[in-house]
Amino acid sequence: MPPTKKRARRRTLRQILGGVRRRVRRAAGRARSVWRRSLQLQVVTSTLVISVIVVVVLGTFLSDQINRSVVESSQSSAASEAFADRLQIADALAPEPDEQTKPADGGKKGSANPLDDVMDTVTGTSEDGSKKRYDVMILNRTTPGESRASGSVVPADVPESLRLSLQRNITRFEYDKPVGSVDEIKFAGRSQPELTYLVGSVVHVPSTGQNYEIYHFFPFDEEEQLLSNVRLAIVVVGFGLVLLLAAIAYLVTRQVVSPVRLARQAAERLASGNLDERLKVRGEDDLARLANSFNEMAVNLTLKIHQLEELSQVQRQFVSDVSHELRTPLTTVRMAADLLYDAREDFDPMAARSAELMQAQLERFESMLADLLEISRYDAGAATLDLDSVDVTKVVLRAIEDSEALAERHGTRFELRLPHEPCMAEIDNRRVERVLRNLLFNAIEHGEGRDIVVTVGADRDAVAIAVRDHGIGLKAGEDTMVFDRFWRADPSRARTIGGTGLGLAISREDATLHGGWLQAWGQPGEGSQFRLTLPRTAGSELRGSPLSLVPPEIEMRRTWRGAMTPVLLPASGDGADHDED
């Protein structure tokens with residue numbers, strides 16, 4: 001076969017094996033998911049496993065006990081029958097003296113050899129009329145003509161170990177001591193070996209000094225059939241018991257799990273906003289009490305939610321009304337402050353300074369009112385977007401132009417990292433520009449005069465803007481608290497640029513309104529970085545960001561430190577050197 005065809009066949013085989021492995025992994029994953037999510041399946045499976053273990057242990061124990069009992073009973077019965085036959089054989093081989101002097105025609109006429117008569121007796125029918133199921137063999141090794149056997153047994157069927165044990169008894173003159181053995185014997189004319197219990201004994205004839213070896217062959221076919229039926233019955237009963245226990249566990253767990261499942265579904269609907277969801281109460285058991293408790297909880301929760309909604313509505317309305325009502329007196333105060341500010345050169349220094357302070361605070365007050373009105377719109381759900389496809393890079397440049405004057409006063413410079421191609425996205429130009437201004441103002445305030453890095457990145461689905469400062473940074477947990485309203489990292493520190501404390505909160509609301517993310521990262525002494533990620537197409541879901549939240553230099557430093565971590569190598573017995581990459 002050409003090498004090309006071999007490689008193609010191997011590639012096809014690898015693809016088939018890879019597909020099979022993937023399907024197996026998917027099936028195993030689905031099975032694990034179903035197992036983790038189904039309490040009823042876990043209980044039924046656990047019951048099945050425990051039941052199988054118990055049934056196997058008990059079945060093995062019962063089978064061994066029954067097997068031992070049947071075998072011992074059969075061996076005891078066989079030994080009794082062998083003992084009775086031995087007595088008859090002994091009587092026939094060594095008759096009483098009066099029987100020896102009795103004339104031959106004075107008694108019952110029999111055969112010339114007494115072994116023939118006794119063999120007919122011991123291998124004939126039993127007392128109940130049934131034919132005996134065992135065979136007997138009488139061996140006289142000194143006089144082979146005196147040997148007799150019933151059935152198809154031959155001297156070669158006697159195991160060597162049993163024959164040697166019987167010979168030892170003869171040597172020790174222990175004629176009354178029987179020897180037993182269980183062996184598989186392949187009889188003549190039979191295809192398969194048969195499990196047989198052999199009982200060997202000796203009859204010693206003092207008058208002649210001869211020893212007759214008597215072997216009884218008791219087949220265990222009936223016992224094997226009985227034990228096979230018993231084992232089959234144990235397996236069937238055990239299998240049925242396992243299924244019955246599994247069915248009982250299924251029914252019991254269903255009675256418990258079904259109400260719990262209904263409670264879970266009701267809780268999910270309640271959590272999704274359906275406050276009218278209630279459970280049906282049946283009976284007076286623990287599950288019924290659980291349903292009552294759930295319904296009471298739902299009622300109290302609904303009441304609390306309505307109270308909070310009303311309170312929130314009152315608060316939003318209050319903020320909105322106050323903000324609107326303050327505009328009229330603020331306009332009058334603003335006009336008077338402008339007149340005083342324009343005429344401050346004619347005032348004495350103290351009055352002129354007061355006019356300047358009043359002008360600055362009025363500007364801050366106006367900004368706060370504007371932010372409060374914007375927050376109230378978000379709280380009321382009245383904020384909307386004016387979408388347009390624009391180049392995000394131009395929006396960033398406009399925000400930087402608005403922040404340059406403040407940056408110069410703080411001795412801060414901007415470092416821009418912008419792409420060469422336009423980053424088009426469907427955004428609300430005004431809101432995104434406001435977000436960037438808030439981020440730049442925050443970086444200037446907390447950057448401690450160091451450079452601020454502004455990075456713009458884009459991919460197929462999203463655009464991102466990162467604002468990086470090298471100031472005091474953020475402590476652990478402050479990366480989410482920084483977006484709270486009126487939050488400060490250091491409450492004792494005054495706002496140096498006159499911020500309202502609502503800028504980042506409004507920025508996060510603007511990002512959420514676009515379907516985007518506004519995230520923060522920071523470390524003490526390393527500065528902080530804020531990343532704004534927006535979808536290119538309005539309404540699409542974000543799956544990632546083109547820019548990393550952690551600054552690249554911090555990531556490189558972490559990687560470098562991890563690579564320089566010393567590795568403890570095992571000592572080498574041959575003194576070889578180990579190089580470290």
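Predicted model: local features only at pLDDT ≥ 70, side-chain atom pairs only at ≥ 80, totals over all residues.

Residues are numbered from 1 along each chain as its sequence is written, and side-chain values use heavy atoms, with hydrogens and water left out.

Two packed helices are described by the angle between their axes and the distance between the axes. Helix H9 (residues 392-409) and helix H10 (residues 429-446) have axes that come within 9 Å and cross at roughly 35 degrees. Helices here are DSSP runs of H or I with at least four residues, strands are runs of E with at least two, and both are numbered from the N terminus. Axes are lines fitted to C-alpha atoms, for helices over the stretch in contact, with angles from 0 to 180 degrees between N-to-C directions.

On the H9 side, the residues that meet H10 include Val395, Ile400 and Leu406; their H10 counterparts include Val432, Leu436 and Phe441. Contact means heavy atoms within 4.5 Å.

Ala266 is found in helix H6 (residues 221-271), whereas Ala476 lies in the loop between strand S10 (462-469) and helix H11 (478-481). Buried means under 20% relative accessible area, exposed over 50% and partly exposed in between (1.4 Å probe, protein chains only).

| Residue | Relative accessibility | Class |
|---|---|---|
| Ala266 | 0% | buried |
| Ala476 | 82% | exposed |

Leaving aside residues up to four places away in sequence, Ala266 touches Glu277, Leu279 and Phe294. The C-alpha atoms of Ala266 and Phe294 are 9.3 Å apart.
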